[in-house]
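These are my notebook entries on one protein structure. I recorded each point as I looked it up.

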Amino acid sequence: CDDCVSSRYGPSCSSLCPVGLLGLPCSGSDHGTCDSGLSGTGQCVCTGYAGSACSLECPSTNNQSCSSHGTCVVNTGLCSCYSSAALGYWTGTACAQCLSYAVGPGCNL
């Protein structure tokens, strides 16, 4: 065959992508997409979610995962907040607050 049907991967298209919420691959297209196809890995690429099937929602504010001040840890769904002069010194569940010693709108002063 030329390629696998959606949600299948591998040389013979016999492997299924991880199934998550509602029985959908990668918990549905609004959570993530599967690296499918003949040369695919079967791994989910999550958007604002984490976990092997994108079923863990990352903390967010204003629909921005980790408030755009950190990254969502793939295995846990928790935020790892930025902590540098270039990106700011952030804290909190969704990385929405400045660390105690940081000030300014970018938490970098």
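Where does Leu 21 lie? I worked with a predicted model, and in it I found Leu 21 in the loop between strand S2 (15-16) and strand S3 (32-34).

Entry on the cores. I recalled that in soluble globular proteins, nonpolar side chains tend to be buried together. Which residues make up the largest nonpolar core? I listed seven: Tyr 9, Cys 17, Cys 26, Cys 34, Cys 44, Tyr 49 and Cys 54. Apart from this core lies another, of six residues, including Cys 79, Cys 95, Ala 102 and Cys 107. I also looked up the contacts of Cys 44, leaving aside its neighbours within four places in sequence. Cys 44 is in contact with Pro 18, Cys 26, Thr 33, Cys 34, Ser 52, Ala 53 and Cys 54.

Entry on a sheet. I found an open sheet of three strands in the order S11-S12-S13, with antiparallel pairing. Strand S11 (83-84) and strand S13 (97-98) stand at the edges and have a single partner strand each, so one side of each is left without a neighbour in the sheet. S11 pairs with strand S12 (residues 88-91) over two bridges, in the antiparallel sense.

Note on methods: Residues are numbered from 1 along each chain as its sequence is written. This is a predicted model: local features need pLDDT of at least 70, side-chain atom pairs count only at pLDDT 80 or more; totals for chains, interfaces and linings use all residues. Side-chain values use heavy atoms; hydrogens and water are left out. Helices (H or I, at least four residues) and strands (E, at least two) are DSSP runs, numbered from the N terminus. Two strands pair if DSSP finds at least two bridges between them. A nonpolar core is a set of buried Ala, Val, Leu, Ile, Met, Phe, Trp, Tyr and Cys residues joined through side-chain atoms within 4.5 Å. Buried means under 20% relative accessible area, exposed over 50%, partly exposed in between (1.4 Å probe, protein chains only). Contact means heavy atoms within 4.5 Å.
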